[in-house]
Amino acid sequence: MIGESLFLSEEGHLKNLRSKVNITIAGLVWFCAAPIVLYLAPAAENARAQEYSTVVNSNPQGVFISLDGEHRLSAVTPCRLPSTLSGSYRLKATLPGYESWSGEIIILPGQDNTITFTLSPKTRIKAALRSLLVPGWGQYYSGQKGRSLIFAAAAVGLGIGTASAHDDYRRKRDNYRRTLLELSNATTAEEAIRLRMLAYDHNKQAYDAETKRNSLFAVLIGVWAYNILDNLFFFPERNFSALPFIQAEFNGDEARVALSLAF
């Protein structure tokens, strides 16, 4: 009985030892394999998500874009759009110092898409031509909204003043002409003297009104001309070398944004 008990005890001890050894081996295997699994699982998932991509490039870089379609999205070029994005979208691109651009794009599913566009820089000639048509338009075009408002308000005010002065001149000129007609039909000396004095007053009033109109019109022309020259000589020169450069990258449902500052 004692020998049998010892045998059973030794057998149980061996089973417990084997169980502990198996658990230890399994733990070591999992300890070694877990980092590899954790590293490869996101990589495999990202590889599936990035199997196809849509890349948006621009010249120059750093352009703010917005996509409007089935989904709405904003980013800064160069960027990679979500791989699940497809269909027709309206793309708008803006960058200070450059002409805005917009157009329809089609993102085809199941393949790589590359979208590239170029923005034209704003120039002083384009600004001057705009101000030639409408005072202040060139300044607004170049981003000088304060100066644009000043020129536009000055032109509108002088235009209204000139038109009002012209109406006043025409009214006083007509009074003078009517008085001359009455003077030519005067039948008595007293009436002729009275009408001659009245014609003299009306002529002076018409002359003063004409002078005022011409002065306002000259000032209007001067403001208009200066508004054009202002675009040619004081067009803002933009230097973007010290501005922050933002790069957006989309990876499936996740987005990464990098911000750097270059000098």
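The legends below describe close-up views of a predicted model. Because local features in this model need pLDDT of at least 70 and side-chain atom pairs count only at pLDDT 80 or more, totals for chains, interfaces and linings being taken over all residues, the views follow those limits. Residues are numbered from 1 along each chain as its sequence is written, and side-chain values use heavy atoms, with hydrogens and water left out.

**View 1. Packing of helix H4 against helix H5.** Helix H4 (residues 145–184) packs with helix H5 (residues 189–233) at an angle of about 160°, their axes lying 7 Å apart; helices (H or I, at least four residues) and strands (E, at least two) are DSSP runs numbered from the N terminus, and axes are lines fitted to C-alpha atoms, for helices over the stretch in contact, with angles running from 0 to 180 degrees between N-to-C directions. H4 and H5 are therefore roughly antiparallel to each other, a term for angles over 145 degrees, where under 35 is roughly parallel, 65 to 115 roughly perpendicular and the rest oblique. The crossing of H4 and H5 is left-handed, that is, the near helix is turned anticlockwise from the far one by less than a right angle. The residues of the contact of H4 with H5 comprise 21 nonpolar, ten polar and ten charged ones, where Ala, Val, Leu, Ile, Met, Phe, Trp, Tyr, Cys and Pro count as nonpolar, Asp, Glu, Lys and Arg as charged, and the others, Gly among them, as polar.

**View 2. The four-stranded open sheet.** Four strands in the order E3-E2-E5-E6 form an open sheet with antiparallel pairing, two strands being paired if DSSP finds at least two bridges between them. Strand E3 (72–76) and strand E6 (101–107) are the edge strands, each pairing on one side only, and the twist averages 25° from one strand to the next. Strand E2 (residues 64–68) pairs with strand E5 (residues 87–94) in the antiparallel sense over five bridges, and Phe64 stands opposite Thr94 in E5.

View 3. The side chains of Glu104 and Arg90 meet in a salt bridge (3.5 Å, N to O), defined as a side-chain nitrogen of Lys or Arg within 4 Å of a carboxyl oxygen of Asp or Glu. Glu104 lies in strand E6 and Arg90 in strand E5, so the pair ties together parts that are 14 residues apart in sequence. Glu104 counts as exposed at 53% relative accessibility, whereas Arg90 is partly exposed at 32%; buried means under 20% relative accessible area, exposed over 50%, and partly exposed in between (1.4 Å probe, protein chains only).

View 4. Asp168 is buried at 19% relative accessible area, while Lys172 is partly exposed at 24%; Asp168, Arg171 and Lys172 are linked in a network of salt bridges. In helix H5, Arg213 and Glu210 lie three residues apart, about one turn of the helix, and form a salt bridge whose closest N and O atoms are 3.9 Å apart. Arg213 is buried, with a relative accessible area of 17%, and Glu210 is partly exposed at 27%.
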